Amino acid sequence: MNVGVIGAGISGLATTHELRERGAGVETFEATGEPGGVMQSCQVDGHLLELGPQRLRGSKLIEDWIDEFDLRRQRFEGHDDQPLYILRDGKLRVAPLSIREAITTDLISWRGKARLLAEPLTAPAQADESVESLFSRKFGEEAARTLFCPLYTGLYGANADKMLVRHSVGKALDRHGIDRSILLAIARKLIDGIDVPPIVSFEDGLQILPEAIAERYSDSIHFETPVEAVREDGDGFEIETSDGTTAVDRVVVTTPAPVTADILDPLDSRLADVIGDLTYNPLAVVHLESAYDREGHGCQILDSEGYETLGMTWNASMLDREGVFTSYLGGSRSPEIVAESDEPLGELAAREFEAITEVSAEPLHVARWDPGMPAYDRTWDALERTSFPEGVHVCATFAERAGIPGRLRDAQRTAEAVLDA
Ligand SMILES: Cc1cc2nc3c(=O)[nH]c(=O)nc-3n(C[C@H](O)[C@H](O)[C@H](O)COP(=O)(O)OP(=O)(O)OC[C@H]3O[C@@H](n4cnc5c(N)ncnc54)[C@H](O)[C@@H]3O)c2cc1C
């Protein structure tokens, strides 16, 4: 079996590994000159910067990959015992992620906290409601607006009004077997003692994981070889690049939706239209240097605060990366801002950082992710009603979960499905 994998981000690389482990022949095509996709790290002025994911959680799955690719010497743990903040009414307030913080936080009023406790009496999640509607109905408007919506949709730079339960949090509730009360499920976990895996990263940045996978399979991977189209070819497929065509038995697509739509158009133009219509939220990631020394993982900034900055990761505190802070701009709040050039974007992020923390900051680096993160909104309804041509598999964030552990699991499932078919 010869499989063509399109894209060498973590999804494509993990799929390459899972297929090669199972004895398949693999040809992996990557548009750029390096592995990792959005999992990208770089050095600027002596600082290690993460342009995509900032850290991992050291679950068994992640630790297994660390060992498999011999990266344990590079691994270190971040500080777990620090708060995450939410900016409300101009003040950074602790996001309550433990029972103690829930009691002491001034993020939510006592009235709001009392309403939150009524959650077990509310009706279960409805597949077709928005994330905003679900959280407001269950936890009350105040806790939804100030805590649950920003924490959940902040991961995607998305709008909770538009994100549908069916395509997002509903899947997570199903996975954890939560059919009625989210609060009781959390309380049960707290009482049983939840085992939250530690925050982990690598001294030279997270990109060393995709680099290590790419190095092992260097005989399979074609860099700087963007795929232009996939066409049927007898029982298999032809993968078309500017270097020519490659015949394969099966195809795995791991690229974001807009690219996938173009590539699959010659095979199934109706499917390509559906994929091409999926909404994404573009993101600008601005790294700042500052002497701000507050302990914390970072903060989310409520829409009502009037900032363009969606949130920040305080790498200086969480990962001991001295002076380094990551600000996120754009998303559904102001997608157009991502098109601004580096200088005004960097200055804007620094100005807003200073206004929020009262400590000065200097821009270090500006990165953009466009298309960015899937919005999981109503445009996903049409995807549910379609299927991929036989022999074409998808292992991508628009079809499954976006986080790195989700990508690694998806790659394993995809490899099994490819070889079982
Ligand atoms: C700012 C940010 C922060 C994040 N933080 C976290 C986090 O803290 N924790 C977490 O778990 N997840 C996080 N994520 C999510 C996670 O990083 C991504 O969902 C995941 O890395 C996506 O990997 P992927 O391989 O599916 O896609 P990508 O990384 O997008 O890879 C797709 C690859 O396809 C290539 N490609 C594009 N066009 C073509 C073509 N025509 N032919 C061939 N190749 C092509 C691209 O160059 C790229 O290498 C974050 C994401 C972002 C953007």
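A polar contact is a pair of N or O atoms within 3.5 Å; within protein, one of them must be able to donate a hydrogen and the other to accept it, and residues adjacent in sequence count only if both atoms are side-chain atoms. This is a predicted model, in which local features need pLDDT of at least 70 and side-chain atom pairs count only at pLDDT 80 or more, while totals for chains, interfaces and linings use all residues. Residues are numbered from 1 along each chain as its sequence is written, and side-chain values use heavy atoms, with hydrogens and water left out.

**The ligand**

- A backbone N or O atom of alanine 402 lies 2.5 Å from an oxygen atom of the ligand, and a polar backbone atom of valine 38 is 2.9 Å from an oxygen atom of the ligand.
- A nitrogen atom of the ligand is 3.2 Å from a polar backbone atom of alanine 31.
- Domain 1 (2–39 + 207–278 + 377–420) and domain 2 (41–55 + 196–203 + 281–374) both give residues to the shell around the ligand, so the ligand lies between them; the domain bounds come from an automatic or database domain assignment.

**Strands β3 and β4**

- Helices (H or I, at least four residues) and strands (E, at least two) are DSSP runs, numbered from the N terminus, and two strands pair if DSSP finds at least two bridges between them.
- Strand β3 (residues 41–44) pairs with β4 in the antiparallel sense over four bridges, and glutamine 43 stands opposite leucine 48 in β4.
- The two strands β3 and β4 form a hairpin with two residues between them, and aspartate 45 in the turn has a positive phi of about 50 degrees.
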